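Please examine the structure displayed below alongside its sequence. The paragraphs after it lead through selected features in turn.

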Amino acid sequence: MTELLLRRADCVVTMDAARREIAGGDVLIRDGVVAAVGVGLETAGRVVDARGCVVTPGLVNTHHHLYQTLTRAVPGGQDALLFGWLKTLYPLWSRFGPEEMFVSAQAGLAELALSGCSMTSDHLYLFPNGSRLDDTIAAASEVGLRFHPTRGAMSIGESVGGLPPDSLVEREAAILEDSIRVVDAFHDPREGAMVRVGLAPCSPFSVSRDLMREVALLARDKRVMLHTHLAENDEDVAWSLAQFGCRPGQYAEDLGWTGADVWHAHCVKLNLSEIELFARSMTGVSHCPCSNCRLGSGLAPIREMRDGGVNVGLGVDGSASNDAGSLIGEARQALLLQRVRLGADAMAAREALEIATLGGARVLGRTDCGALEPGRRADIAVWDVSGIEAAGSWDPVAALVLCGPMRVRDLFVEGRQIVDGGRMTTVDLPAVIERQNRLARALMA
């Protein structure tokens, strides 16, 4: 048995049912699980001094494309809407291979960890030159984050009216076959699992109706979750109306893509009836505020979703459409955008932090994560609020969202320390950065 005690934090934000915040609080970790939360706890094990810090559950990222960290700020894609941006980037991504997938995932996962993220999903929907989902799973194992990779796919290429080039699409039989392989090889349904695999055709405009339906049936048979992009912008909705004769929400419902085992990315353009459908069916939403701003997609109706009972988490989206990977930054942006839409009282800082932690865990179906209470997994972020970012703040919890810091001091995943004093402990980050930049230069050439 191993124990670790985080002692005397300025505030422990529990996100438990009562949303307790404990001044001078302690968190006791035993064998990767939160054993106790309170004041004056003791241990014979290691003690970490948390004075001057706010302790929160680890943040949860519900939507990412880790491979895109190799294609940030690409000329030609910097000022484009979604479809034009994709057309610019597809040819670059077609040159990736296993090394590019592995290294870009390492870099993206480290960036997330430093922003306080302990658990992330990843939507990988293209597999050029021998790439496999296995490459990103290997990277996550090294970095140490709790990982929800999704086996994405594209099957409708340009030659038959789709958006992606034919070189990046796969045969639908091969997609289903490999989906079975990765679920059988890597998915862990147990409590405390470090890897859970989902199935995730890229979008309604890059796969067929038949594949969407078949993947939903396969996911239910394998008892894994479903994920895709939906209603991201006006182009997306117009495509759905023109191609399918219905709005995106109806399309999803018709093909079995609603339910507690489904979460959709973006959902910027959901209308009230679609929001009611998602609430009624317990379908989750990954809100990606920075990416939605970067691509000019619009302002998602998150206030209406939350008030209507929809489970909402945060996502950084791809690092080619954000172009950053900061979960605490997404929480701040989510708050700001709802205030732009509806006024200064539309979202409070604590609600944004809740969406970033407990909300994300719920979207990913993780009842064992997202809060600091006995029995939950010990995924914990320690934020040093004694620095310049929070200097002068009267409310250190609100300060995390409103002013910073933007990086964690320490991060624990399953009780294992991934970040210590603002530095990665699991990978040689300078070496990862050097390798990442070398691969990016090769792509430029």
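Predicted model: local features only at pLDDT ≥ 70, side-chain atom pairs only at ≥ 80, totals over all residues.

Residues are numbered from 1 along each chain as its sequence is written, and side-chain values use heavy atoms, with hydrogens and water left out.

Helix α4 comprises residues 172-186; helices (H or I, at least four residues) and strands (E, at least two) are DSSP runs numbered from the N terminus. Within α4, Ile175, Asp178, Ser179, Val182 and Val183 are buried. Viewed down the axis of α4, the buried residues fall within an arc of 135°, so they line one face of the helix; the arc is that of the directions from the helix axis to the C-beta atoms. On the other side of α4, Ala173, Glu177, Asp184 and Ala185 are exposed. Here buried means under 20% relative accessible area, exposed over 50%, and partly exposed in between (1.4 Å probe, protein chains only). The buried residues of α4 pack against α3, β8, β9 and α5, contact meaning heavy atoms within 4.5 Å.

A helix pair comes next. Helices α2 (residues 98-114) and α14 (residues 429-444) pack at an angle of about 135°, with axes 10 Å apart. The two helices, α2 and α14, are therefore oblique to each other. Residues of α2 that meet α14 include Phe102, Val103 and Leu114, and among their partners in α14 are Leu429, Val432 and Leu439.

Val419 lies in strand β16 (residues 416-420) and, at 0% relative accessibility, counts as buried. Although Val419 and Ala113 are 306 residues apart in sequence, their C-alpha atoms are 7.2 Å apart in space. Not counting residues up to four places away in sequence, Val419 touches Ala113 and Leu114, among others.

Finally, the backbone. The peptide bond from Gly404 to Pro405 is cis, with omega near 15°, and Pro405 is in the loop between α13 and β15. Ala231 is not a glycine, yet has a positive phi of about 50°; Ala231 sits in the loop between β10 and α6.

Note on methods: Expected span 1.5 Å × (residues − 1). Axes fitted to C-alpha atoms, helices over the stretch in contact; angles between N-to-C directions. Parallel < 35°, antiparallel > 145°, perpendicular 65-115°, else oblique.
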